[in-house]
Structure formats: C-alpha cells, structure tokens
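Please look over the sequence and the model below before reading on. The briefing is meant for someone meeting this structure for the first time.

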Amino acid sequence: MRLVDTHVHLDFPEFDVDRDQVMVRAACEGVHSIVGVSVDLDSSRRLLGLAQQYPALRVTVGIHPAYVGKGKNDANLWNELEHLAQEPKVVALGETGLDFHRLPQDPVETEAIRMAQRTAFQAHLQLAAKLGLPLVIHQRDAWEETWELLEPYRGKVRAVFHCFGGTWEQAERILRAGWKLSFTGTVTFRKSQALRALAAQLPEESFMIETDAPFLAPEPWRGRRNEPAWVIHVARVLAQARQQSVETIAELTTQNAVCFFALEG
Ligand SMILES: [Zn+2]
C-alpha cells in the first residue's frame with residue numbers, strides 16, 4: 001500500500017529528537033512521499049535543508065497567514081521566496097490564505113492584520129500563477145474573504161483546501177472551481193459524523209489525505225504528537241465512511257497527490 005502525507009510540519013522542534021525514526025516509521029506504513037509545509041521563510045529554508053537528507057520529502061515554501069508580519073521576515077521576503085520556490089524539491093507554495101480565528105480586540109490592530117494577510121495571500125497567488133506551482137490553502141473563519149481573493153485565479157492556479165472541515169456547499173464550491181480538499185485527523189474524531197458523511201459523497205479525484213503533524217493526531221492517538229505514519233488512520237476512517245477498502249483509498253489519494261503536486265509516481 002502506498003500513501004502520501006500531503007501536509008506535515010517536519011521542521012518543527014517537536015521532531016528534533018526523533019526525526020529519523022519518524023521518517024522510518026512513515027516508510028514502514030507505506031508513506032512513500034511526504035510534503036513538508038512551510039509557515040515562514042525560516043521554515044522554508046529548514047525544510048529545504050531536510051529535503052537534502054530525506055529523499056521522501058518534498059517541500060512547500062510560503063508564509064502561513066498566522067505568521068504574516070511576525071518574526072524576521074526580511075524586507076526582501078518575496079524575492080527570497082520566489083528564489084526558494086525554484087529549488088527542485090519545491091512542489092507548491094504555502095501554506096497561505098486567511099486566518100481570522102484569533103484577532104486582537106483593538107479594531108485598528110485587527111484591520112491591519114487582516115490587510116497584511118490579504119496582501120500576503122495575493123502575493124502567493126501571483127507567484128503561483130507566475131511559476132505554475134499549486135497552492136496549499138489555510139482558511140479559518142475567513143471563508144468568503146478567502147474565496148474573493150482566490151476566485152480570480154480560477155483556471156490559473158491549482159489549489160488544495162487543507163484540513164477541510166466545512167459544509168457540503170463549501171466542498172461543492174471548491175470542486176466546481178476544479179480545486180481539491182484534504183482531510184486530516186479531524187475526520188477521525190468522534191464528533192465529526194457530518195464530515196465523514198460529506199467525505200462519503202465526494203468524487204474520487206477530489207480529495208487527498210494529510211496529518212498536519214505535529215498537530216491534530218487522529219484517533220486512536222488524539223492529543224498525542226502526530227506523525228506521518230498515522231496518515232493511515234485518516235485513510236482507514238475514509239475507507240469506512242465510503243465503504244471502500246483502505247487499499248482503494250490509499251491508491252486514489254496517492255494518485256490525486258502525485259497528480260496535484262507533480263510528484264514522481
Ligand atoms: Zn499546517
């Protein structure tokens with residue numbers, strides 16, 4: 001069985017003590033490719049470094065909306081990202097998008113953050129169109145505004161809505177635009193019946209799987225540090241929900257990931 005974990009923060013310090021074993025356990029579960037997803041410029045550089053070490057690792061470069069304007073993202077940020085994006089291990093830009101989940105009380109501060117996130121998202125969109133790279137979208141409490149910025153790029157960029165947890169209407173809108181969605185461990189949680197029911201209705205070419213490790217460990221490991229080997233639990237739950245074999249889910253989600261990220265088969 002071959003699996004792809006399409007979203008892992010492999011550079012995070014949670015993996016510093018046992019990153020080699022994490023990669024071995026993933027390989028033993030059949031995870032043949034891992035997409036390491038960046039949250040800022042440092043993270044992009046760290047992941048590119050790790051990709052030299054781990055042949056299974058592919059990389060995205062970009063700035064997570066919650067990291068926009070944080071840390072030392074130099075003035076040269078966009079030139080630097082464009083430069084990094086052309087490294088051979090890079091398969092996408094992101095994660096990018098809008099996250100209005102936790103905004104400060106002060107309305108002026110809030111508006112500044114929203115504006116900065118919008119600007120950064122637009123810069124990723126332009127770069128994706130220019131370089132022909134797909135986008136990994138992070139959207140939280142900002143559905144309509146994310147959509148507004150993304151819509152003009154319909155047919156111009158490929159995009160995946162990572163950690164999908166939305167409604168059927170939202171899923172339909174994504175699929176109609178030709179974009180994809182992907183499921184994390186949240187689909188395994190007990191209270192996620194509606195999400196499993198939604199997953200059961202999706203066309204085979206429309207979805208991928210991911211861990212978002214070190215976050216969002218699936219059942220039966222909820223609350224623990226997550227790792228790519230556990231993407232199998234996401235596949236199992238989808239298999240149950242869709243009444244397909246886990247082998248079929250592995251095959252179709254791998255095929256979708258290979259195609260979306262242009263991974264070597
Ligand atoms: Zn993430």
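The notes that follow go through aromatic rings, helix contacts and backbone details in turn.

This is a predicted model, in which local features need pLDDT of at least 70 and side-chain atom pairs count only at pLDDT 80 or more, whereas totals for chains, interfaces and linings use all residues. Residues are numbered from 1 along each chain as its sequence is written, and side-chain values use heavy atoms, with hydrogens and water left out.

**Aromatic rings**

- Eight aromatic pairs are found when the whole structure is searched, where rings of Phe, Tyr and Trp (its six-membered ring) pair if their centres lie within 6.5 Å, and planes under 30 degrees apart count as stacked, over 60 as edge-to-face and the rest as tilted.
- One of these is the edge-to-face pair of Phe183 and Phe207, with 6.0 Å from centre to centre and 65° between the planes.
- This pair links distant parts of the chain, since Phe183 belongs to strand β7 (residues 180–183) and Phe207 to strand β8 (residues 207–209), 24 residues apart; helices (H or I, at least four residues) and strands (E, at least two) are DSSP runs, numbered from the N terminus.
- Phe183 counts as buried because its relative accessibility is 0%, and Phe207 likewise counts as buried at 0%, where buried means under 20% relative accessible area, exposed over 50% and partly exposed in between (1.4 Å probe, protein chains only).
- Phe260 and Phe261 also form an edge-to-face pair, at 4.8 Å centre to centre and with 90° between the planes.
- Phe260 is buried, with a relative accessible area of 3%, and Phe261 is buried with a relative accessible area of 3%.
- A single aromatic cluster is formed by Trp143, Trp147, Phe161 and Trp179.

**Charges over rings**

- Arg114 lies over the face of Phe100, 4.4 Å from the ring centre, where a charge sits over a ring if NZ of Lys or CZ of Arg is within 6 Å of the ring centre and within 35 degrees of the ring normal.
- Arg222 lies over the face of Phe189, at 3.6 Å from the ring centre.

**Helix contacts**

- The axes of helix α7 (residues 193–201) and helix α8 (residues 231–242) come within 8 Å and cross at roughly 70°; axes are lines fitted to C-alpha atoms, for helices over the stretch in contact, and angles run from 0 to 180 degrees between N-to-C directions.
- Arg196, Ala199 and Ala200 of α7 make the contact with Val237, Leu238, Ala241 and Arg242 of α8, contact meaning heavy atoms within 4.5 Å.
- The residues of this contact of α7 with α8 divide into five nonpolar, no polar and two charged, where Ala, Val, Leu, Ile, Met, Phe, Trp, Tyr, Cys and Pro count as nonpolar, Asp, Glu, Lys and Arg as charged, and the others, Gly among them, as polar.
- Helix α5 (residues 143–150) and helix α6 (residues 168–176) have axes that come within 13 Å and cross at roughly 10°, and α5 and α6 are therefore roughly parallel to each other.
- Trp143, Glu144 and Trp147 in α5 meet Gln170, Arg173 and Ile174 in α6, and the residues of the contact of α5 with α6 divide into three nonpolar, one polar and two charged.

**Backbone details**

- A cis peptide bond, with omega about 15°, joins Ala213 and Pro214, and Pro214 lies in the loop between β8 and α8.
- The peptide bond from Glu219 to Pro220 is cis, with omega near 5°, and Pro220 lies in the loop between β8 and α8.
- Cys163, in the loop between β6 (159–161) and α6, has a positive phi of about 50° although it is not a glycine, and Cys163 counts as partly exposed at 24% relative accessibility.
- Gln243, placed in the loop between α8 and α9 (246–260), has a positive phi of about 50° although it is not a glycine, and Gln243 counts as exposed at 75% relative accessibility.

Conventions:
Angles under 35 degrees count as roughly parallel, over 145 as roughly antiparallel, 65 to 115 as roughly perpendicular and the rest as oblique.
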